Amino acid sequence: MSARFLCCVDDVPDGGARVVDDSPGDGAVVVVRRGASVWAYVNRCPHFSVRLDFEPGEVCTYRSKVLMCAHHSALFAFENGHCIEGPCEGAALTPVAVRVVGADVWSGVAG
Ligand code: FES
């Protein structure tokens, strides 16, 4: 798997999320950050297989712990993408392997 640059760490608000459209079609990724910790998930809700953002690029987060699907308010944990509350509770977002290299976030990198 080849590495792809997603964004700079500072492009993602601390305690927030940013949608990175790094390839056409189904390639949009949501990058989530808390301090120096960064996680990423395919931008697709397991409830109805639609994007998590209603307004393009805007994914709501709460208390730097969960992100919320804009459609039916499912809540997903930053750390593992598991739905902890909502209509798809017990399901999970699809993780994207990322690594922070310097000030940059790369996908497709194990670890
Ligand atoms: S589509 Fe995401 S909670 Fe329903």
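View 1. Cysteine 8 is partly exposed, with a relative accessible area of 28%; buried means under 20%, exposed over 50%, and partly exposed in between (1.4 Å probe, protein chains only). This is a predicted model, in which local features need pLDDT of at least 70 and side-chain atom pairs count only at pLDDT 80 or more, while totals for chains, interfaces and linings use all residues. Residues are numbered from 1 along each chain as its sequence is written, and side-chain values use heavy atoms, with hydrogens and water left out. The closest cysteine sulfur to that of cysteine 8 belongs to cysteine 7 and is 6.9 Å away, too far for a bond. A disulfide is a pair of cysteine sulfur atoms within 2.5 Å, and by this rule the count is 0 disulfides.

View 2. The whole structure has 1 cavity of 30 Å³ or more, and the largest cavity holds about 40 Å³ of space. A cavity is a set of points on a 1 Å grid over the protein atoms alone where a 1.4 Å probe fits but cannot get out, and lining residues have an atom within 4 Å of a point. Residues lining the largest cavity include Cys45, Phe48, Cys69, His71 and Ser73. Of these, cysteine 69 counts as buried, at 2% relative accessibility.

**View 3. The largest nonpolar core.** A nonpolar core is a set of buried Ala, Val, Leu, Ile, Met, Phe, Trp, Tyr and Cys residues joined through side-chain atoms within 4.5 Å. The largest one has 18 residues, and Leu67 is among those with the most contacts inside it, as are Val30 and Phe76. Strands E2 (17-21), E3 (28-34) and E4 (37-42) each supply at least two residues of this core; strands are DSSP runs of at least two residues (E), numbered from the N terminus. E3 gives the largest share, 3 residues. Apart from this core lies another, of 13 residues, including Leu6 and Val42.

**View 4. Two loop residues with positive phi.** Most residues other than glycine have a negative phi. Arginine 63, not a glycine, has a positive phi of about 50 degrees. Arginine 63 sits in the loop between strand E5 (60-62) and strand E6 (66-68) and is exposed, with a relative accessible area of 64%. Serine 73 also has a positive phi, near 65 degrees. Serine 73 lies in the loop between E6 and strand E7 (75-77) and is partly exposed, at 39% relative accessible area.

Key. 1 Å grid on protein atoms, 1.4 Å probe; cavity = no way out; pocket = protein on both sides within 12 Å on 5 of 7 lines; lining within 4 Å. Points joined across faces, edges and corners; volume = space filled by probe spheres on them. Helix = DSSP H or I, 4+ residues; strand = E, 2+ residues; numbered from the N terminus.
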